[in-house]
Amino acid sequence: MVLKAFKRGFMAAAFMVIAVSGARAQSPADFYKGKTVDLYIGYSVGGGYDLYARFLARHMGKHIPGNPTVLPKNMEGAGSLRLANWLYNVAPKDGTAFGAIGRGTGFDTLLGNKAAQFDATKYTWIGSANNEVSICVAWHTTGITKFDDLLTKELIVGGTSSSADTDQFPKIANGVLGTKMRVITGYPGGNEVGLAMERGEVQGRCGWSWSSVKSTHQKWHDDKKFSILVQLALDKHPELPNVPLIIDLAKTEEQRQILRLIFARQVMGRPFVAPPNVPRERADALRKAFMDTMKDKEFLADAEKAQMEITPVHGAEIDKLVKEIHATSPAIAQSAAALIARK
């Protein structure tokens with residue numbers, strides 16, 4: 001009896017090893033065939049992040065081995081922090097879920113946001129659709145037309161949450177350079193901030209992607225509905241040569257370091273991220289599919305029609321950048337965090 005029991009146990013263990021080995025050996029094509037991959041969007045419908053994600057979902061499936069359906073779903077809240085937490089702690093880690101989050105959300109823990117329940121260095125970064133430049137704008141009725149006006153006049157700007165660019169960028173400019181912007185936060189997404197400007201609820205927006213301006217509000221720009229006050233990035237956009245760059249306005253080395261910490265995120269302008277611990281071969285497949293989509297002729301034709309900028313960044317480059325920024329001097333990070341925390 002003992003021998004029979006031992007044999008049964010041995011056989012069960014052997015079958016388990018074979019099953020596990022078989023699962024590990026399953027190719028990405030076999031895994032993804034017939035499946036749906038959910039692409040979550042951390043903002044409301046109609047904004048720049050939503051637009052980029054939906055265009056990606058339309059084309060990416062044919063580049064993923066096994067050709068699964070990629071289904072876009074909105075999970076707005078707290079400037080995409082809700083989605084970032086969900087992806088890290090709740091979402092399936094098998095490669096069937098990834099999301100579009102704010103470019104700065106991955107740095108929330110570094111900047112002292114206790115609501116950020118993740119370690120951004122452990123995410124599976126898939127890629128970014130562009131290397132972004134953002135701008136601060138003032139509505140045409142304000143009388144504010146240049147950056148220097150912000151040093152003497154208050155500008156009320158719309159924001160989406162304390163973890164979003166729309167809130168953090170004006171606070172950093174206030175704290176480092178002495179501007180006088182006041183943030184009214186809580187809008188679900190950039191589309192709603194734009195409507196608030198049009199209705200007169202707010203007077204401007206600071207942290208508006210230039211690519212979004214062109215893809216969603218080009219007519220406003222053409223009709224001079226707003227003035228562009230400053231560029232928010234590490235380098236100027238070639239289409240905005242006469243608009244000052246915020247890094248160039250720093251007067252001390254500490255100011256430059258704080259600005260670099262905050263605006264390095266612009267390199268990952270439209271980041272797509274999966275949970276940690278996605279099996280390596282599936283993560284690689286998703287990264288390759290993302291970059292292949294960025295070169296897809298049909299995708300690029302759609303992007304051109306929508307006036308979307310496509311300057312892709314590989315997931316591995318984003319992963320490296322995130323780790324580099326998280327190694328920032330604690331003193332500089334604390335200074336930046338203190339400025340963002342100001343009311």
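Contact here means heavy atoms within 4.5 Å. By that rule Met294 touches Leu56, Ala129, Phe299, Leu300, Ile310 and Pro312, leaving out residues up to four places away in sequence. The model is a predicted one, in which local features need pLDDT of at least 70 and side-chain atom pairs count only at pLDDT 80 or more, while totals for chains, interfaces and linings use all residues. Residues are numbered from 1 along each chain as its sequence is written, and side-chain values use heavy atoms, with hydrogens and water left out.

Back to Met294, then. This residue sits in helix α10 (residues 280-294); helices (H or I, at least four residues) and strands (E, at least two) are DSSP runs, numbered from the N terminus. Met294 is buried, at a relative accessible area of 4%, where buried means under 20% relative accessible area, exposed means over 50%, and partly exposed is anything in between (1.4 Å probe, protein chains only). Along the chain Met294 and Asn130 are 164 residues apart, yet 9.6 Å separates their C-alpha atoms. Lys146 belongs to the loop between β5 (134-139) and β6 (155-158), and its relative accessibility of 44% puts it in the partly exposed class.

Now for the chain as a whole. The secondary structure amounts to 13 helices and 11 strands. For 343 residues, a compact globule would have a radius of gyration near 20 Å, and the 22 Å of the protein chain agrees with that. This radius is taken over C-alpha atoms, and the globule rule is 2.2 Å times the number of residues to the power 0.38. Along the principal axes, the C-alpha atoms fill a box of roughly 90 × 45 × 30 Å. Of the 343 residues, 55% are buried. Among contacts between residues at least 6 apart in sequence, 80% join residues at least 24 apart.

As for the surface, the protein chain exposes about 15200 Å², and carbon and sulfur atoms supply 55% of that area. The areas come from the Shrake-Rupley method with a 1.4 Å probe, and for residues only the protein chains shown count as cover. On the charge side there are 43 positive and 34 negative side chains, and the centres of the two sets lie 6 Å apart. Lys and Arg count as positive and Asp and Glu as negative, with His and the chain ends not counted; the place of a charge is NZ of Lys, CZ of Arg, CG of Asp or CD of Glu.

Aromatic rings come next. Rings of Phe, Tyr and Trp (its six-membered ring) pair if their centres lie within 6.5 Å, and planes under 30 degrees apart count as stacked, over 60 as edge-to-face and the rest as tilted. The count by this rule is 13 aromatic pairs. One of them is Tyr88 with Tyr123: the ring centres are 5.4 Å apart and the planes stand at 85°, so this pair is edge-to-face. Since Tyr88 lies in helix α4 (residues 81-89) and Tyr123 in the loop between β3 (97-100) and β4 (124-128), the pair ties together parts that are 35 residues apart in sequence. Both Tyr88 and Tyr123 are buried. Trp208 and Trp220 are also edge-to-face, because their ring centres are 6.5 Å apart and their planes are at 75°. Here strand β8 (residues 204-209) supplies Trp208 and helix α8 (residues 218-222) supplies Trp220, so the pair ties together parts that are 12 residues apart in sequence. Trp208 is buried with a relative accessible area of 1%, and Trp220, at 12%, counts as buried too. Tyr88 and Tyr123 turn up again in one aromatic cluster with Phe118 and Trp125.

Helix α9 (residues 253-263) has Gln255, Ile258, Leu259, Leu261, Ile262 and Phe263 as its buried residues. Their cover includes α5 (165-177), β9 (226-232), α12 (315-325) and α13 (330-341). In helix α7 (residues 210-216), Ser212 is buried at 5% relative accessibility. Beyond its neighbours within four places in sequence, Ser212 is in contact with Gly48, His217 and Arg270.

Two backbone details round out the picture. Ser80 is not a glycine but has a positive phi of about 80°. Ser80 lies in the loop between β2 (69-74) and α4 and is buried, with a relative accessible area of 0%. Gln307, also not a glycine, has a positive phi of about 60°. Gln307 is in the loop between α11 (297-305) and β11 (313-314) and counts as partly exposed at 39% relative accessibility.
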